[in-house]
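Have the sequence and the 3D view open as you read.

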Amino acid sequence: MAELCSRPRKNMEKTTKIKYNLACGNDYRENYINVDNGSMSGNKFDIQEDLFDFRINRNTADEILVCHFLMYIIPDQALRLFERWYFGLKKGGTLVIETQDLKKLIKNISSTKNPAIINNNIVQFYGAGAFRGHKWTWCEETIIPLLKYVGFETIERFEGGYKNRKDRDITIIAIK
């Protein structure tokens, strides 16, 4: 046993990245800790907990992914969660937020007379079916100031995101 313990530990230097997929819904991701409140039946997750109760230990997370959750909360709630997530990220850790873009939705609605396109974009404001209950619609001008307020300095914006909807969505990446 002593012989095994005295061997060089070359592979021990590799560390596993700690990545969270918060409000994962039906988007279970391998190599992430998937957290969801379980409100939708049949969803797979690793931890069942409401995001307002869920805590990440200080400076432990490499990445926090939040995909299509912000529409269910208002700005003061987002600010509290952004503070909590900033606290949990390591220096250099990233917060990845994907959400619908208010400005794109307005453009899509105002540039057509097609009722199907109009209705598909209106659904992003209010939700529908199991996704009913949207409370807010975001754009970079409403997200980025909150992220800066809590301490994120490097913030990038991208069109579309994981759902590959450049016509509707934005992705904001904030680095601690």
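## The nonpolar core

Let's start in the middle. The largest nonpolar core has 30 residues, and the members that touch the most others are Leu22, Ile64, Phe82, Trp85, Leu95, Ile143 and Leu147. A nonpolar core here is a set of buried Ala, Val, Leu, Ile, Met, Phe, Trp, Tyr and Cys residues joined through side-chain atoms within 4.5 Å. Buried means under 20% relative accessible area, exposed means over 50%, and partly exposed is in between (1.4 Å probe, protein chains only). Two or more core residues come from each of strand E1 (19–22), strand E4 (61–67), helix H2 (75–88), strand E5 (89–100), helix H5 (140–150) and strand E7 (169–175). H5 gives the largest share, five residues. These labels are DSSP runs numbered from the N terminus, with helices being H or I of at least four residues and strands being E of at least two. In soluble globular proteins, nonpolar side chains tend to be buried together.

Setting aside neighbours within four places in sequence, Trp85 is in contact (heavy atoms within 4.5 Å) with Leu22, Leu51, Ile64, Val66 and Leu95.

## What kind of model this is

This is a predicted model, so local features need pLDDT of at least 70 and side-chain atom pairs count only at pLDDT 80 or more, while totals for chains, interfaces and linings use all residues. Residues are numbered from 1 along each chain as its sequence is written, and side-chain values use heavy atoms, with hydrogens and water left out.

## The chain overall

The chain has five helices and seven strands. Read from the N terminus, the elements go α-β-β-β-β-α-β-α-α-α-β-β. The C-alpha trace spans about 75 × 40 × 30 Å along its principal axes.

Of the 176 residues in the chain, 39% are buried. Take the contacts between residues at least 6 apart in sequence: 64% of them join residues at least 24 apart.

## Two helix pairs

How do H2 and H5 pack? Their angle is about 45° and their axes are 9 Å apart. That makes H2 oblique to H5, and the crossing is right-handed. The axes are lines fitted to C-alpha atoms, for helices over the stretch in contact, with angles running from 0 to 180 degrees between N-to-C directions. Under 35 degrees counts as roughly parallel, over 145 as roughly antiparallel, 65 to 115 as roughly perpendicular, and the rest as oblique. As for handedness, a crossing is left-handed if the near helix is turned anticlockwise from the far one by less than a right angle, and right-handed if clockwise. On the H2 side, Pro75, Ala78, Leu79, Phe82, Glu83 and Tyr86 meet Ile143, Leu146, Leu147, Tyr149 and Val150 of H5. The contact of H2 with H5 splits into ten nonpolar, no polar and one charged residue. In this scheme Ala, Val, Leu, Ile, Met, Phe, Trp, Tyr, Cys and Pro are nonpolar, Asp, Glu, Lys and Arg are charged, and the others, Gly among them, are polar.

The other pair is helix H3 (residues 102–110) and helix H4 (residues 115–126), at about 155° with axes 9 Å apart. H3 and H4 are therefore roughly antiparallel to each other, and H3 passes H4 in a left-handed crossing. Leu102, Leu105, Ile106, Asn108 and Ile109 of H3 make the contact with Ile117, Ile118, Asn121, Ile122, Gln124 and Phe125 of H4. By class, the contact of H3 with H4 has eight nonpolar, three polar and no charged residues.

## Loops and a strand

Ala23 has a positive phi, near 55°, and lies in the loop between E1 and E2; at 19% relative accessibility, Ala23 counts as buried. Asn59 also has a positive phi, near 55°, but sits in the loop between E3 and E4 and is partly exposed, with a relative accessible area of 39%.

Asn31 is in the loop between E1 and strand E2 (33–36), and at 65% relative accessibility counts as exposed. Over in strand E3 (residues 47–48) there's Ile47, partly exposed at 30% relative accessible area. Neighbours within four places in sequence aside, Ile47 is in contact with Ile33, Asn34, Val35, Asp36 and Phe54.
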